[in-house]
Amino acid sequence: MRSRVREFDSSTLNESVQNTIMRDLKAVGKKFMHVLYPRKSNTLLRDWDLWGPLILCVTLALMLQRGSVDSEKDGGPQFAEVFVIVWFGAVTITLNSKLLGGNISFFQSLCVLGYCILPLTVAMLVCRLVLLAELGPINFMVRLFVVIVMFAWSIVASTAFLADSQPPNRKALAVYPVFLFYFVISWMILTFTPQ
Amino acid sequence: MAAVDDLQFEEFGDATTSLAANPDATTISIEDPGETPKHQPGPPRGSGREEDDELLGNDDSDKTELLAGQKKSSPFWTFEYYQTFFDVDTYQVFDRIKGSLLPIPGKNFVRLYIRSNPDLYGPFWICATLVFAIAISGNLSNFLIHLGEKTYHYVPEFRKGQTAVITTKTDAKGASIQHTYRVPTACWERYQPGSGAVKTRKIRSPDPVRQMDVLGMSIAATIIYAYAWLVPLALWGFLVWRNSKVMNIVSYSFLEIVCVYGYSLFIYIPTAILWIIPQKAVRWILVTIALGISGSVLAMTFWPAVREDNRRIALATVVTIVLLHMLLSVGCLAYFFDAPEMDHLPATTAAPNQTVAAAKSH
């Protein structure tokens, strides 16, 4: 029994580190593609992983944090605050959908919600680039448009994966918290001002 | 045999006629699931069934009462126990929200919508939405008020724990409008030398003056959730205590009270969004309407529960409920929304707190 277990382990234990990392990165990349072009597929749900959500959340939090503690600043989230909001929000939504009777597992739901932050992270990058230009109403309009489009994309992507797991008469109840979650993140992105 | 049949039939008829004659009679809510269900059938179920009523009809009601009793019998450490609190469908949630928006005198919110199926979905998510609505609308409203300002002066710690922010704006006629508002002093400002002196900061318009205020939002969330749970707890305890002294016909369970409070907060969400309009009169009208609607929902729900009691205690209870509600709404809104434009003053003369600040700095 023990030798059999050891045999099974050595197949991935002896491979080079590059192989391991590339395999995980490819899985993450495949899931990114699924989010960008949402179709009804089970890949996100079947092989869930939390690497993608972690990368996205850290990127978003790094970009959203206000700079060094400056004496003239107030408000604006810190890194830890964004991180906590994202993860705590995702956990709450997952608990909510499970309590409503959904048949999705805890980590599958976290995985989907985390991966669907990808459009909003892209929006954050675009906003930061746009903010390098001259500030003004046009600047704000461009950012508003980008954030709205990405917000809609996130909602569509996550609904494509999550809606099927709920009983049909409670779909709206399960989708509304997702809407609220992405709305708050979009608001944080939209009101970001670099100092 | 015929006599027995007649008796059975009559019993069924009695229940329906008595309920039909007195629709306002409230039934004693059976909280304890272990209690054996009463022999009389409850609200008329299979109205079409005839002879077999005695067996089938009673059996059904017995079964349903047993099932209702079994609803919450999972031990509290299992997941299924908490699932029973989320056993609502979309249309039920919408119905309950509608009920909280349109208080009809005589219709009891609990009896009409919630009876025997209180849910925690509504209260939780309505409170969450309210917190975010207040924070975001406050941000937007402040942005609109301070639009067009290029620089602002601020006096950290001009009073203990408070920083005064003085913004200057030029209006269409070319006059300078000064507007002062107070914010809590940031902790890094508090002990710096030179706090109390006027500092200047340029703001890049038209971006909002303040980004999303996470600390303020956390405070608001704590207050709203505490209100939505602790006040019902206190009220339930009070009602239980009064019930032991005065036999009340109506009694509510703790979850039903939480449910009423949660749904009654729904009206504040559109109110908070409409508070973006920076007009004082509009804001006062909005908050009065919201308070009127949700206060009346609460009052009409709890009046039947205390009506049997001593007149003064009953009135005091209802008044306290409404007062606490008002305190919550006005407090939250006042904290997040800056006062709209004050009458414009020339840049040199200032309101009293500004002169204090100016005097301190010179």
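Is Ser141(B) buried or exposed, and what is its relative accessible area?

Analyst: This is a predicted model, in which local features need pLDDT of at least 70 and side-chain atom pairs count only at pLDDT 80 or more, while totals for chains, interfaces and linings use all residues. Residues are numbered from 1 along each chain as its sequence is written, chains are lettered from A and ligands numbered from 1 in the order in which they are written, and side-chain values use heavy atoms, with hydrogens and water left out.

Ser141(B) is buried, because its relative accessible area is 0%, where buried means under 20%, exposed over 50% and partly exposed in between, computed with a 1.4 Å probe on protein chains only. The residue belongs to helix H6 of chain B; helices here are DSSP runs of H or I with at least four residues, strands are runs of E with at least two, and both are numbered from the N terminus. Leaving aside residues up to four places away in sequence, Ser141(B) touches Trp275(B), Ile276(B), Arg283(B) and Phe337(B), a contact being heavy atoms within 4.5 Å.

Ser116(B) sits in the loop between helix H5 (109-114) and helix H6 (121-145), and Ser116(B) counts as exposed because its relative accessibility is 51%. From Ser116(B) to Leu333(B) the C-alpha distance is 34 Å, across 217 residues of sequence.

In the model, the span 253-278 of chain B is 69% helix and 0% strand, with its end C-alpha atoms 41 Å apart, whereas the span 284-306 of chain B is 100% helix and 0% strand, with its end C-alpha atoms 31 Å apart.

Aromatic side chains also deserve attention, since rings of Phe, Tyr and Trp (its six-membered ring) pair if their centres lie within 6.5 Å, with planes under 30 degrees apart called stacked, over 60 edge-to-face and the rest tilted. Over all chains the structure holds 21 aromatic pairs. One of them joins Phe179(A) and Phe183(A), which are stacked at 6.1 Å centre to centre, with 20 degrees between the planes. These two residues are 4 residues apart in helix H9 (residues 171-190) of chain A, so about one helical turn separates them. In chain B, Tyr81(B) and Phe85(B) form an edge-to-face pair, because their planes stand at 75 degrees with the ring centres 5.3 Å apart. Within that pair, Tyr81(B) is partly exposed at 22% relative accessibility, whereas Phe85(B) is buried, with a relative accessible area of 6%.

Also in chain B, Arg242(B) lies over the face of Trp241(B), at 5.1 Å from the ring centre; a charge sits over a ring if NZ of Lys or CZ of Arg is within 6 Å of the ring centre and within 35 degrees of the ring normal.
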